[in-house]
Each structure stands twice: as C-alpha cells, then as structure tokens.
Amino acid sequence: MIFFTLFVICFIHLTLIQNAFSAFERMNPPVNVSNFISYIAICAIIKDEREDDLREWVEYHHKMGIGKFYLHDNGNISVAAMFPDYIEQKIVDVQDRKDLAPQLNVYNKCIRNYRNYHRWIALIDADEFIVTRNQCSIPRVMKKYEGYGGLVLNWRLFCSSGHRSRPPGGILTNYWSCTDHYHVKSIVNTDYGVSHYGNPHICHYSHDKYAVDTDYWRVFNAYVVPRPSLFEIIFINHYHLKSKEDYDRNIKRGRADAPTPSPKNDKYFWANDASCQKNCSVLKMPEKPARDCPLSTFAFIQPPSFE
C-alpha cells in the first residue's frame, strides 16, 4: 500500500510538472527578436559585494558583449549607488530583494520577465567570470548553441594564490592557483527556459529542449565531469575563495541561496585552497570591446545524438 501511495504521489507530481511545461509553451510563443534590448544579459543576486570587485565584474562582462545586467540587491550595501553611470545608460538595472534566500525566485523571475528582451540570460554570481578563448565576444560563441535549451559552463575554481590579506589591484590580476571542477552554471535560451526547481545551477526547459555542455553533450543535472575540451571554448572562472581576508568577510555576510548560515569554515578554506594545484593564466580585463572571432577559431564538434 505504501509503495502504491508513493507511486501515485510521484505520478501526480510529474503530471503537474508536465502540465506546467505545456502551459508555458501555450503562454509563451517564440521570442520576437525585434524586441531585443541585447542579445545576452546577466541576472544575478548581489549581497554586500565590494564596490571595486563588482565594478570589475560588470566592466569585464560588458566589454565581453553582455548588454544588460539585472542585479538584485540582497544586502545592506547599496548596489544602485555603485552604478549611477551604468544605470543612466540603461546597462545596469538594480532591484531590491531583501527577503531570505531569494536566489531561485530571482532566477525564475528573470526567465519569466525578461525573456522577450534577450536571446540568452546567464544566471551567474558576482564572483564568476565567463571566459572565452582569445577573449572572443560571448555573443559570437553563443550563436553556435541557439538550437538548444541552454548551455552549461563548467567552473574553473580559483583559490587564494597565497594571499592571506586582500591584495590591491582587483580580482583578475591577483589569482592564478586553480582546479577544474564538475559544477556548472547555466546560460538559458529564452525561447525554451522554464524555471529552476531547487537548484541554481541547472534549468528546466520546454518544447522537448535540453541543456548541453560546450561539446554539445546533453546535460541531465548540475554536475559535468570536467574534461580538457570543456575549457577550450567557453567556461567560468569562479573566484570562490580569494584571499583569506575576503573569504572571512564573505562568510560573515550570509547567503542568498539559503536562509541558514553558511556551513563553510576555516577547515573548508584550507582544504579547498590545497586542492588548487594548477597554475592558470591570469584573466585580463579587455582593453576594448571583445571582437567577433571567426568561428574557425573554435573546434565545435557535434557528437552522436542521444535520441
């Protein structure tokens, strides 16, 4: 009887999800590209980031081809006060979100409310930098994946690089110790992205679409075993530790993805810092807007279909 009850509950749950996807397809026809503000946008939760770090993140991505930033302020340090110039130019849009753990709600809102203004929306954090080979523009690379529900990018984790106190000069020039990681983040195709359910790393899609990694392999969850080819075209530099001083500050400010305090502590810092055994290239701020590289620059390989 118990197994039958569980079966019925699972069946009802799956039916509700399927009905939700069908409703999404009926209510949201393909995006009208004539309404686009920009080809690709970033949606992010911001929680008491340092102003110089956040400006570096925005300026880097804007030069790489991101045309719009939807920043949701979940902290006590005003994000709007950091970007009067970008707000006036309508590059940055800041909204207050002071509720507990709003990350998933914000991601869902961005997919729902801004899908008509962009082909892609990247759902990343302010310590994650999207990297392309030879700093080719992000929109140029993304055009190769328009037939899919989304593109997931693996993390390249950066650690302290020996910094105990916060070094001068920003994030990009100061960190090089790294390791490739299985976690991914999503760039969602607005024609097909539906929502996040319980996980900020992966999205659900409509119209029988799905996410792929950069090798076009279908992705089923938030974990993709890192292999060298996934760091050849486009990936994410995730500066998750930085200096010990930065790490301690970040732990104290709280979380945007859960209402509970962070379980991370000094032991977590030292263990993760020791795992970064590689020396990676320092990411540079583009001197001018990124160029549209020839697609021959990239080795796009289409694997056999799963279908």
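**Terms and the values behind them**

Guide: H207 counts as partly exposed, at 31% relative accessibility. The model is a predicted one.

Visitor: Why is H207 called partly exposed?

Guide: Buried means under 20% relative accessible area and exposed means over 50%. The value for H207 is 31%, so H207 is partly exposed. H207 is found in the loop between β9 (204–205) and β10.

Visitor: What is the phi of H207?

Guide: H207 has a positive phi of about 55 degrees, although it is not a glycine. Most residues other than glycine have a negative phi.

Visitor: What makes F231 count as buried?

Guide: The relative accessibility of F231 is 7%; the cut-off for buried is under 20%, so F231 is buried. F231 lies in the loop between β10 (211–212) and β11 (234–238). Leaving aside neighbours within four places in sequence, F231 is in contact with N154, W155, R156, D180, H181 and P226. The C-alpha atoms of F231 and R133 are separated by 8.6 Å, and these two residues are 98 residues apart along the chain.

Visitor: How do you know whether H183 is buried or exposed?

Guide: H183 has a relative accessible area of 16%, which is under 20%, so H183 is buried. H183 lies in strand β7 (residues 177–189). Apart from neighbours within four places in sequence, its contacts are L153, N154, W155, H201, A222 and Y223.

Visitor: Why is D246 called buried?

Guide: D246 has a relative accessible area of 2%, and buried means under 20%, so the word applies. D246 lies in helix α6. Not counting residues up to four places away in sequence, D246 touches R50, R166, Y175 and L241.

Visitor: What makes the pair D246 and R50 a polar contact?

Guide: The side chains of D246 and R50 are joined at 3.3 Å. A polar contact is a pair of N or O atoms within 3.5 Å, so the distance meets the cut-off.

Visitor: Which residues of α7 are buried, and how do you know that they are on the same side of α7?

Guide: In helix α7 (residues 266–275), the buried residues are F269, N272 and D273. They cover an arc of only 105 degrees around the axis, which puts them on the same side of α7. What covers them includes α6 (244–253).

Visitor: What is found at the start of α7?

Guide: There, a side-chain oxygen of N265 reaches to within 3.1 Å of the backbone nitrogen of K267.

Visitor: How many of the residues of the protein chain count as buried?

Guide: Of its 307 residues, 52% count as buried. The protein chain has 7 helices and 12 strands.

Conventions:
Residues numbered from 1 in each chain as written. Predicted model: local features only at pLDDT ≥ 70, side-chain atom pairs only at ≥ 80, totals over all residues. Heavy atoms only, no water. Buried < 20%, exposed > 50% of the residue type's maximum accessible area, 1.4 Å probe, protein only. Helix = DSSP H or I, 4+ residues; strand = E, 2+ residues; numbered from the N terminus. Arc of directions from axis to C-beta. Contact = heavy atoms within 4.5 Å. Polar contact = N/O pair within 3.5 Å; in protein donor to acceptor, adjacent residues only side chain to side chain.
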